[in-house]
Structures are given as C-alpha cells and as structure tokens.
Amino acid sequence: MPRGARVFLISRFGGGKRGVVAEADSLSAMLKLLSWRRSILQPQLSNTNITHFPSSFYLIISRFISHCPHEEDLYDPQFSPTNFNKNKNKPKNTQGRKLSKKDTKQLTENNANNFTVKADLPFDFMYSYSENSPGVEPIGFREPARFSPFGPGRIERKWTGTCAPAQVKVDLDKLDEERKRVLGEPLSEEEIVELVEKYRHSDCSRQINLGKGGVTHNTLEDFHNHWKRAEAVRIKCLGVPTLDMDNICYHLEDKTGGIIIYRNINILLLFRGRNYDPKNRPVIPLMLWKPYAPIYPKLVKNVADGLPFEETKEMRNKGLNSPPLMKLTRNGVYVNVVERVRTAFETEEVVRLDCTHVGTSDCKKIGVKLRDLVPCVPILFKDEQIILWKGKKDQE
C-alpha cells in the first residue's frame, strides 16, 4: 500500500499498533458471525497483514465484496423468496426417483394448463367493444400478433392483433334463456324510481366513468365487482363515445348481461337483475396492457369521391373560411352533435367543427363517427379543425 494512503488511514481512523490490533481482533470476531461471506473474505485477508489497516477499512471492503456475484448465491439480493437448490425443484415420482425428460415436459405442460384462465364468454375479446369499426379491416399492425395483451399462456384463445375470437359456437337460444333467468321479472315503476333515486346522484359511490375508450374489456370486471354489493351501477360517459349513446347502451347490456333502467344525456344506470348471483359470475381474464392500435386505411383521401381535385380543394378552403358550427371541448358531452350537423347540411354544403384542445387522435375518431352516423364525408383535418362535406345525393 502506498505510504501516503497509509498515513491518511492512520490520521483518519487513529494510530497506535495496539489499537489497530484490537480492532483487527474485533473484525475477525465479526467475520465469524458472517459465515456465509467467509469464503469470499478469507482469501482476501490471508494475503494481507491485518495489523496495517483499521477495521473500518476492512468493513468497507467487506461490504463491497458482499455485493459481488457468487456461485452459491444465485438469488441475490437478500429479499429473494427461497434459496436455490438444484435438486429441490426437480419433479420426482412416488418412488423418489428422478423423472425422465419426457415426464418432466408433461408435468410442465400440465402446470401451464393450470395457469390458463378458462373463460366461457360467448363474444370475442377485444380492447374496446364500442369504439371499433367492424367493417374496416386493418392494413398493418404496430406490434406482432404473437404478443397477446392477456399475457403468454393466460387464455386458450389466440390473439389476432385486434381481438381474441371465441373458439366455441354460441347457442343464442340458450344464451337468451340464461339472461332472462338472471334478469327475472321486469321491475315495476316503483322499484325503478327507488333505484334511480338511490344511484343517480353525482355523489354515488357505485360509479364507473367511461372515457374515449368506451366500453373496454377490463371495465366488464369492474361492473361485476360493483354488483357484489350493489344492485345497480351509475355510469358517466364522456368524450367520443357520447356521439352514439345507443351503441354504448347496446354493448353494456350485451357484454355484461344487465339492463339499462335510466338514461339521461350521458348518465346511465345499469341494473344487474333480480336473480344475479355474485358467486356464479362469469370469469373475465384481464388485459395486462393496452394493445397498440392497428394501422387502418387513410381516412381523408387526396381527392374526395365524386369530386375532381380542383373542386375538392375549393371545398376545403370554403370550409376553413366559414364560421364554425360549434366548438367541442376535450372530454366533453357530444350527444347533440350528430343532430346539429344533420340540420346544418339542410342549408349548407360544408360544415366546420372547431375542436381546439381536443387532440388530433380524438378529432379523427369524431370524424369517423360522424361519417357513419350523419352520414357525411370528412375532407380535411387541419389545426384541430374538422371539415365535413355532405356528399352528393346519389351517394346518400
């Protein structure tokens, strides 16, 4: 060791041969207690004169060496669940002998099957049931289809990139009978008024918020969790799904098995049924992450169908210079947008919607919804402005 470093250690930790020897004896006693690190520290101490360095110096070295990888400690750090044993985790037969590779593989497959969640729901699993276009097929994917959002081996269904289709054909008659049995007799007016007065207020604890994702897959589990202790659930809808509330109501009743007993603008009440049993609730495997949206064909074409390029350009400029029909806010309530656009098309040929601060993604989703509901032709998305053309009569 260099002389300057030795002088620094003596000045830092104190001098004196007797004191250093006493500290060295205390260090050796401490190392006896740390028996699991003795094999690491002994080779380091055997080649060094311990009387030349204080105990604090060796304590620092021991801490540094204790964090180094070692063959015996494969599950370092300290909070590992169990110690590793090569022969402990190997499967054995009843006679105590080791199994062959073939039997080991079979046991591994059986454990994987036990890990798989068996869901008998009659519909295809997808991220959002209400915010998708079933008639439009994607032209590409942003991630390989082999990466299922349910996790590897969690469900028996195969993920196709957009959904996990059901493997068994559904008997619709049997499904309708089971749903009628759970719902029971229709509620009387007095019972509906009582449930509405109990759950319709904004301070209701049994509330689920639906955002721009609409009726998502994991939301179905939330409904059944609320139905354990409540007869109905209050649903508050905001954003793009509020353009088509009929679609929201249909998917809520179809996917959960309940029934809508109250509807006011964007507020819904979903009743679970008279004979609902929480112990016999359906098994719903959860998505572990949100899958990437696939790539769909271009929404706005360079030239609108039925118009030449010059007229299309003229329509776009006319729409940008016209006053906005209405201004949409982010995560707002768009219940009356479709009717107002239809009414405007009775006198106007081009309509502009001001979607400032709404977001580019939501603007395109609004344009797709209006294209199908009005119907109309979106011809431009620029600076969060939506320009809609009513189209020709023959197209309507």
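Modeller: Let's start with a definition: rings of Phe, Tyr and Trp count as a pair if their centres lie within 6.5 Å. Keep in mind that this is a predicted model.

Biologist: Fine. Which residues form one aromatic cluster here?

Modeller: F123, F125, Y129, F150 and W159 do. The structure holds 6 aromatic pairs. One of them is F123 with Y129, an edge-to-face pair with 5.5 Å centre to centre and 90° between the planes. F123 and Y129 are both buried.

Biologist: And why is the pair of W227 and Y276 edge-to-face?

Modeller: Planes over 60 degrees apart count as edge-to-face. The planes of W227 and Y276 are at 70°, so this pair is edge-to-face, with ring centres 5.5 Å apart. The pair links distant parts of the chain, 49 residues apart: W227 is in the loop between α8 (217–226) and β4 (232–237), while Y276 is in the loop between β6 (267–271) and α10. W227 and Y276 are buried.

Biologist: Now the cores. Which residues touch the most other members of the largest nonpolar core?

Modeller: Among its 31 residues, those are F125, I235, L252 and L268. Elements giving two or more residues to this core include β1 (125–126), β2 (163–164), β3 (207–210) and β6. Helix α9 gives the most, with 4 residues. Take L268 as an example: leaving aside its neighbours within four places in sequence, its contacts include V233, I235, M245, I248 and L252. Apart from this core lies another, of 21 residues, among them V341, I366, I386 and L388.

Biologist: Last one, helices. How do I check the length of α10?

Modeller: Multiply 1.5 Å by one less than the number of residues. Helix α10 (residues 309–321) has 13 residues, so it should span 18 Å; its end C-alpha atoms are 19 Å apart, which agrees.

Biologist: Which residues of α10 are buried?

Modeller: T312, M315, R316 and G319 are. Looking down the axis of α10, the buried residues fall within an arc of 100°, so they line one face of the helix. On the other side of α10, E310, E314 and N321 are exposed.

Biologist: What covers the buried residues of α10?

Modeller: The cover includes β8 (350–354), β9 (377–382) and β10 (385–389).

How values were computed. Residues numbered from 1 in each chain as written. Predicted model: local features only at pLDDT ≥ 70, side-chain atom pairs only at ≥ 80, totals over all residues. Heavy atoms only, no water. Buried < 20%, exposed > 50% of the residue type's maximum accessible area, 1.4 Å probe, protein only. Arc of directions from axis to C-beta. Contact = heavy atoms within 4.5 Å. Phe/Tyr/Trp six-rings, centres within 6.5 Å; stacked < 30°, edge-to-face > 60°. Core = buried A, V, L, I, M, F, W, Y, C linked by side-chain atoms within 4.5 Å.
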